[in-house]
Amino acid sequence: NVERRYKHFVWLYERLKSKYSCVCVPPLPDKSHASKYGESFVEKRREKLQAWINRVAQHPILSQDKLSLSHFLTCPPGDMKAWKMGKRKAEKDDFVGATFFKLISPDVPCPRSSDQDIERFGTFISDFNKVLKKNIDTS
């Protein structure tokens, strides 16, 4: 168990969403303010955040994150200097958004037919939308 404040979970969630923009990052549980300091509230929030971090840790892609997730899980609680250093390092990650694919297959070239495949798919989507609109209009 690692003690973290809710804002640390928000930071991790935002980092993962930013880095893995084409991966569905599990939504973070809401920060509810109702009976904020009641013992049952604190325990329920802890359980929800524990379930969330377990989902992230079991995710086939997110669990492999070597910067943000690793820092979140391993930084000693209370060591603000270490937290800030790791946070800065994670926020300077070069592999954010679509560039994270370079981590998966940096040496694999795009197939020569990829432009044609994308164009054919675009045509398919356009035709599909026309048929869908026609069906909606007639129903």
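Biologist: Let us start with Ser63. Is Ser63 buried, partly exposed or exposed?

Modeller: This is a predicted model, so every value I give is computed from it. Ser63 has a relative accessible area of 23%. Buried would require a value under 20% and exposed a value over 50%, so Ser63 counts as partly exposed.

Biologist: Where is Ser63 found?

Modeller: Ser63 lies in the loop that runs between α2 and α3.

Biologist: And which residues is Ser63 in contact with, leaving aside its neighbours within four places in sequence?

Modeller: Ser63 is in contact with Val56, Ala57, Gln58 and Leu69. As for distances, the C-alpha atoms of Ser63 and Ile53 are separated by 9.7 Å, and these two residues are 10 apart along the chain.

Biologist: Let us turn to Tyr13. Buried or exposed?

Modeller: Tyr13 is buried, since its relative accessible area is 17% and the limit for buried is under 20%. Tyr13 is part of helix α1.

Biologist: What does Tyr13 touch, not counting residues up to four places away in sequence?

Modeller: Tyr13 touches Val25, Pro26, Pro27, Leu28 and Trp52.

Biologist: You mentioned Trp52. Which residues does Trp52 touch, with the same exclusion?

Modeller: Trp52 touches Phe9, Leu12, Tyr13, Pro26, Pro27, Leu28 and Pro29.

Biologist: How do α1 and α2 lie relative to each other, parallel or antiparallel?

Modeller: Helix α1 covers residues 6-19 and helix α2 covers residues 39-58; their axes come within 12 Å and cross at roughly 25°. Angles under 35 degrees count as roughly parallel, and α1 and α2 are therefore roughly parallel to each other. Their crossing is left-handed.

Biologist: Which residues meet there?

Modeller: From α1, Tyr6, Phe9, Leu12, Tyr13 and Leu16 meet Arg45, Leu49, Trp52, Ile53 and Val56 from α2. By class, this contact has 9 nonpolar residues, no polar ones and 1 charged residue.

Biologist: What about α1 and α4?

Modeller: The axes of α1 and α4 come within 11 Å and cross at roughly 20°. That makes α1 roughly parallel to α4, and this crossing, too, is left-handed. Here His8, Trp11 and Arg15 in α1 meet Trp83, Lys87, Ala90 and Glu91 in α4. The residues of this contact divide into 3 nonpolar, 1 polar and 3 charged.

Biologist: Next, the largest nonpolar core. Which of its residues touch the most other members?

Modeller: Of its 20 residues, they are Phe9, Leu12, Leu16, Leu28, Trp52, Ile53 and Leu62. The helices α1, α2, α3 and α4 each supply at least two residues of this core. The largest share, 6 residues, comes from α1.

Biologist: Why would such residues gather together?

Modeller: In soluble globular proteins, nonpolar side chains tend to be buried together.

Biologist: Finally, the chain as a whole. How many helices and strands are there?

Modeller: The chain has 6 helices and 0 strands, and its pattern along the sequence is α-α-α-α-α-α. Of its 139 residues, 27% count as buried.

Biologist: And how many of the contacts between residues at least 6 apart in sequence join residues at least 24 apart?

Modeller: Among those contacts, 64% do.

Conventions
Residues numbered from 1 in each chain as written. Predicted model: local features only at pLDDT ≥ 70, side-chain atom pairs only at ≥ 80, totals over all residues. Heavy atoms only, no water. Axes fitted to C-alpha atoms, helices over the stretch in contact; angles between N-to-C directions. Helix = DSSP H or I, 4+ residues; strand = E, 2+ residues; numbered from the N terminus. Parallel < 35°, antiparallel > 145°, perpendicular 65-115°, else oblique. Left-handed = near helix turned anticlockwise from the far one by under 90°. Contact = heavy atoms within 4.5 Å. Nonpolar A, V, L, I, M, F, W, Y, C, P; charged D, E, K, R; others polar. Core = buried A, V, L, I, M, F, W, Y, C linked by side-chain atoms within 4.5 Å. Buried < 20%, exposed > 50% of the residue type's maximum accessible area, 1.4 Å probe, protein only.
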